[in-house]
Amino acid sequence: MKHIKTINGSSLSKSVEKGGCGECQSSCQSACKTSCTVANQECENK
Amino acid sequence: MKLIHKFIKNGVPIVLDVNSGSVHVVDMLVYEILDWYPELKAGDIELKLENKYSREKIREALEEIKHLESIGQLFSEDIYDGLTASRFGKNVIKALCLHVAHDCNIRCEYCFASQGDFNSGRLLMDVEVARKAVDFLIKHSGKRKNIEIDFFGGEPLLNFTVVKETVDYGNRMASDAGKNLKFTITTNAVLLNEKIIDYINKNMSNVVLSLDGNRETNDRMRHFDDGSGTYDIVSENIKSFIAERGEKSYYVRGTFTRYNADFSKDVLHLADMGCKSLSVEPVVSEKDKSYAIREEDLANILSEYDILFSECMERMGTDREFDFYHFKINLDQGPCAVKRLTGCGAGYQYLAVTPEGDLYPCHQFVGDSRFIIGNVFDGIINAEIPETFKAAHVYNKPGCRNCWAKFYCSGGCHANSYKLTGDINSCYEVGCEMEKKRLECAIALQVIKKLKEEKNDQEVS
Ligand code: SF4
Ligand code: SF4
Ligand code: SF4
């Protein structure tokens, strides 16, 4: 393609198939802890 | 709902397709077409843009847009509504936050825990309660292999003996149960010494140490009982800690308030001090506090994030590079959709335990007795609270449903929402604006990094 360059495909929709196992780290977003957006968490179910 | 978000950062036009998670770099023609597409027909779009671009180019770009649509990478369908309830069916608890000390050795102005005691008087957790908490976690963790305990306070190092006893007991019980139990600790770093550092490095998979930035910023909010600042002691201790930590994970974290709304200087101060993993976050407080962030501070704060973005760009690949937590994002291998919809899991996957053994949805709710879920001796008594929290996911929060950031932000922090609006299901708008800004920076950094790598590869080959 000349006008568009895809950096990342549809990983999110693919994740529905196997997701939700709950093995990943819990992820607090508040300012007093390991605050973080969920998106930088690691999935433990690769 | 089909949803895209587009923005230009550092001159790079970026388009995010929200439902698929696809990220594209586009030229200005496509960027402008997306102002009109898909509401307008191709012919009308051509009329809108024909002064700037040739009809042939416009058609070519439209074809590319349609192609991405056909492979589900642009304007893709929302397939997630209704997914959560079925997937996270059973309530399985996988993490506990142990408040081993409702007491603190410093007095931070903005402390949400009322200077450590959560309005309940100074109290240390005894080992019996801690053991019961471990038992409770293992019993309620179902088939989950990975479980976690965070030592929290007040200041957990004020009850270090119980921390150590809990680690010993937890390791024993977890190995009997075939679980992988990880420990983490959140500390103000005042009591760190060689022995404690050594212990922490051996036993804690992640460590969070608090320091707000330079001496002036830090000491204004974080001081001892007599009013003297904590900067000198804490910054030295943190340096010693980092020197020993090796490759293991840690975060130096700070809080910014309206007093240092120019917090980028504090982030850079910490980075130049040698802290490679950093997080500096907006204070969460009731609106009437003098240090609370107000709506009129927002423009300034957003431009501070831009400053940090530029610094991160400039330092990329050099030894001055650092990780700013809020700019970290995992575009391809991040969490699954279910996790993104539900976020922290407070109240049903993650609970806080007080020194007395009471269970709360998370550390931010501790002290508000309306939120007591049960206790480690009798288990869960009020099962309604976990259900309420479980239902508080992106699709049940009216403000989040159609927000482009929903799969990254996961609907934000329930406690923030509760403190500022009285309802865990509503949004704190100033917080949302900051979150969206940070996400744009995070996505752009990944994109630019990838473009750079490709360019380098091409030059090599
Ligand atoms: S509700 Fe907020 S403070 Fe509590 S665990 Fe979730 S993100 Fe953290
Ligand atoms: S480990 Fe991965 S698949 Fe499992 S819930 Fe977490 S993010 Fe989803
Ligand atoms: S909390 Fe705000 S930023 Fe986050 S998903 Fe909801 S509306 Fe969007």
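Helices here are DSSP runs of H or I, at least four residues long, numbered from the N terminus. The model is predicted, so local features need pLDDT of at least 70 and side-chain atom pairs 80 or more, while totals for chains, interfaces and linings use all residues. Residues count from 1 along each chain, chains are lettered from A and ligands numbered from 1 as written, and side-chain values use heavy atoms, without hydrogens or water.

Step back to H1(A), residues 11-18. Which of its residues are buried? Pick Leu12(A), Ser15(A) and Val16(A). Buried means under 20% relative accessible area, exposed over 50%, and partly exposed in between (1.4 Å probe, protein chains only).

Now jump to chain B and select Cys275(B). This residue is buried, at 0% relative accessibility. Its sulfur is 14 Å from the closest cysteine sulfur, in Cys312(B), too far for a bond.

Next, select Cys427(B), partly exposed at 21% relative accessibility. The closest cysteine sulfur, in Cys400(B), is 3.6 Å away, too far for a bond. A disulfide needs two cysteine sulfur atoms within 2.5 Å.

Finish at ligand 3. Residues surrounding it include Cys400(B), Lys406(B) and Cys427(B), each with a heavy atom within 4 Å.

Note on methods. Helix = DSSP H or I, 4+ residues; strand = E, 2+ residues; numbered from the N terminus.
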